[in-house]
Amino acid sequence: MLSDNAYSEITFDGYHAPSFLNVDGAIEVGIEFHSLSKTYNMTGWRIGFAVGNRDVLDGIGRIKTNIDSGAFEAVQRAGITAMSGSQDCIGNMRKIYMNRRDALVKGLHNIGIAVEPPKATFYIWAAVPEGYSSIEFSTLLLNEAGIVATPGVGFGECGEGYIRFALTQPVERIEEASKRMKQLKLD
Ligand SMILES: *Cc1c(COP(=O)(O)O)cnc(C)c1O
């Protein structure tokens, strides 16, 4: 059992995301991965870690040492610094994403798309307006409002009818996007 918990620290409103390893017996059967990409804004630095079952970790170690030669040492040192220093940066980042989240949720409400503010991650998963497929609505946003969002169907057929926004732009840009969405002529 492999658990990918890349967003465990990107949480809001006091919510604590659970770890697979919180489950009784989990350590007997698997491991959990965490990446420094999101938690410490180190996307592209290619550094993360795995914790959990000793035998599985041993196996990963054996595979890794045979297929690559490890992360560049300066990046490993940066990772150590990130994880052993003050963790205030995470709280600051949570506030930034939370403000962006609230701005986009408000913008979506203003065009009649009801969405619960998510408790974690920097994505908003929203239902598309009636009469649109997820691809039609994302195409409309792109062509008529200059907004890039991912059609839900790209994540599998159950994602049809939804669209995913990434909160990777500052609040001012999200407010601008909200303004443009408000000006769209929805059928
Ligand atoms: C970002 C992310 C990761 C980790 O990606 P790396 O940048 O390769 O460390 C893993 N899983 C999910 C779901 C992610 O979004």
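## The second largest pocket

In this predicted model, the second largest pocket is lined by 15 residues, and those lying nearest its centre are Ile 147, Val 148, Gln 169, Arg 173 and Ala 177.

## The largest pocket

The largest pocket has a volume of about 550 Å³, and its lining is made up of 18 residues, with Arg 46, Ile 47, Gly 48, Phe 49 and Lys 64 nearest the centre. At least two lining residues come from each of strand S2 (31-35), helix H2 (36-39), strand S3 (48-52), helix H3 (54-67) and helix H4 (73-84), and by class the lining of the largest pocket has eight nonpolar, seven polar and three charged residues.

## An open sheet and its helices

Three strands form an open sheet in the order S4-S6-S5, with antiparallel pairing. Strand S4 (123-127) and strand S5 (150-151) stand at the edges with a single partner strand each, so one side of each has no neighbour in the sheet. The antiparallel pairing of S4 and S6 runs over five bridges, and Trp 125 stands opposite Arg 164 in S6.

Helix H5 (residues 88-110) packs on the sheet, where it touches S4 and S6, and its direction makes about 15° with that of S4. Helix H6 (residues 134-145), in turn, lies across S5 and S6 and runs at about 40° to S6.

Terms used. Residues are numbered from 1 along each chain as its sequence is written. This is a predicted model: local features need pLDDT of at least 70, side-chain atom pairs count only at pLDDT 80 or more; totals for chains, interfaces and linings use all residues. Side-chain values use heavy atoms; hydrogens and water are left out. On a 1 Å grid over the protein atoms alone, a cavity is a set of points where a 1.4 Å probe fits but cannot get out, and a pocket is an open set with protein on both sides within 12 Å along at least five of seven lines; lining residues have an atom within 4 Å of a point. Grid points are joined across faces, edges and corners, and a volume is the space filled by probe spheres set on the points. Helices (H or I, at least four residues) and strands (E, at least two) are DSSP runs, numbered from the N terminus. Ala, Val, Leu, Ile, Met, Phe, Trp, Tyr, Cys and Pro count as nonpolar, Asp, Glu, Lys and Arg as charged, and the others, Gly among them, as polar. Two strands pair if DSSP finds at least two bridges between them. Contact means heavy atoms within 4.5 Å. Axes are lines fitted to C-alpha atoms, for helices over the stretch in contact, and angles run from 0 to 180 degrees between N-to-C directions.
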